[in-house]
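Please look through the structure below, then follow the paragraphs with it at hand.

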Amino acid sequence: FKAEGEVFNPVLPVIINLRNESIKERHWAKISDILGFKIQDEDNFTVHDLVDRNVTKHDIAIATIATSAQQESILEEMMSKVTTIWRSALLDVRPYKDVKDLFILGDTTDIIANLDDCLVTINTVLGSRYVAGIRDFVDGWRGKLMHLQETLDEWLTCQRNWMDLETIFGSPDIIRQLPGPAKTFQAVDKSWRFIMKQTYDEPNAMVAGTKDKSRRDVFRGHNMNLDQIQKDLEDYLET
C-alpha cells in the first residue's frame, strides 16, 4: 500500500491539472512541448501511461500552465462582458426639427458610462500577470474603445457647433454678407447630414464609431472649420 501511495500521490495533482476545463489548445501545445508528446488526443491514455512516461516529473510546469489557464479563463470572462455590451449598444439618433433625413445624436450618457467602465475593466485585465495569452485580443479591444471614445468626443463637439450655426446660416442675409464662411459651413452641413443618415440606418455604436476609421478625423476637420466660422461670425457682428 505504501508503494502504491508513493506512486499515486504525485500523479493525482497532475491528473487534476490536466483535467482542468480551462486548458485550451494553446496550453496543450505548451504541455506537449514540455512532455515531448501529445496526450489530449489520446482516448486510451491511462494513469499508468502517465507514470510510465514520467509525466509526474513535470508536475510543477503542468501546474503552472493549468493555473495560467484558469486565470486566463477569468480574464476572458471579464472580456466577454465587455464584448457583449458593445454587440448591442446603440446610439440614440433623433430627427432634428422635423426635417426629412436630418438627424442628431440624442442622450449619450449610457454610451459614455459604458465606455468608461469597459476601459477600466480592460486596464484591469491588462494589469494581470496572466494576460499574455490573450494580450492581442485585449489590446485590440482597448484600441477600438479608445477610438470610439475619441470619435464620440469629436462628434458631440461637432454637433454642438453645427447646431449653433445651422440656423444662422439659414439666413440669406448672412450668406450674402459672409460668402466664404457660408460656403465652408455648407460643406460641413452636407457631410453632417450624410454621416447622421448613415448612423440612423446603422446605429450600433461600435460600427458607427470605428467602422470608418477616418470618421474621427472628419469630425476633427469639421470642428476646426466650425471654430473658424465662429470667429469670422464674431468679427462680422463686431463691425
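Cys118 is buried because its relative accessible area is 2%, and buried here means under 20%, exposed over 50% and partly exposed in between, found with a 1.4 Å probe on protein chains only. Cys158 also counts as buried, at 0% relative accessibility. A disulfide is defined as a pair of cysteine sulfur atoms within 2.5 Å, and by this rule the count is zero.

The model is predicted, so local features need pLDDT of at least 70 and side-chain atom pairs count only at pLDDT 80 or more, while totals for chains, interfaces and linings use all residues. Residues are numbered from 1 along each chain as its sequence is written, and side-chain values use heavy atoms, with hydrogens and water left out.

Helix H8 covers residues 179-201. Its name follows a rule: helices (H or I, at least four residues) and strands (E, at least two) are DSSP runs, numbered from the N terminus. H8 has 23 residues and spans 33 Å from first to last C-alpha, close to the 33 Å expected at 1.5 Å a residue; the expected span is 1.5 Å times one less than the number of residues. Buried residues in H8 include Phe185, Trp192, Ile195, Met196 and Thr199. An α-helix has 3.6 residues a turn, so residues three or four places apart point the same way. Among the elements that cover the buried residues of H8 are strands S1 (93-95) and S2 (103-105) and helices H6 (135-166) and H10 (215-238).

Helix H10 has 24 residues and reaches 35 Å between its first and last C-alpha, close to the 34 Å expected. Its buried residues include Arg215, Phe219, His222, Leu226 and Leu233. The cover over them includes H6, H8 and H9.

Thr199 counts as buried because its relative accessibility is 1%.

On a 1 Å grid over the protein atoms alone, a pocket is an open set of points where a 1.4 Å probe fits, with protein on both sides within 12 Å along at least five of seven lines, and lining residues have an atom within 4 Å of a point. The second largest pocket holds about 150 Å³ of space. Its lining divides into two nonpolar, two polar and four charged residues; Asp, Glu, Lys and Arg count as charged, Ala, Val, Leu, Ile, Met, Phe, Trp, Tyr, Cys and Pro as nonpolar, and the others, Gly among them, as polar.

Met163 is found in helix H6. Leaving aside neighbours within four places in sequence, Met163 is in contact with Tyr96 and Ile104. Met163 is partly exposed because its relative accessible area is 29%.

The loop between S1 and S2 holds Lys97 and Asp98. Most residues other than glycine have a negative phi. Lys97, however, has a positive phi near 55 degrees, and Asp98 one of about 60 degrees. Lys97 is partly exposed at 46% relative accessibility, whereas Asp98 is exposed at 78%.

Key. Contact = heavy atoms within 4.5 Å. Points joined across faces, edges and corners; volume = space filled by probe spheres on them.
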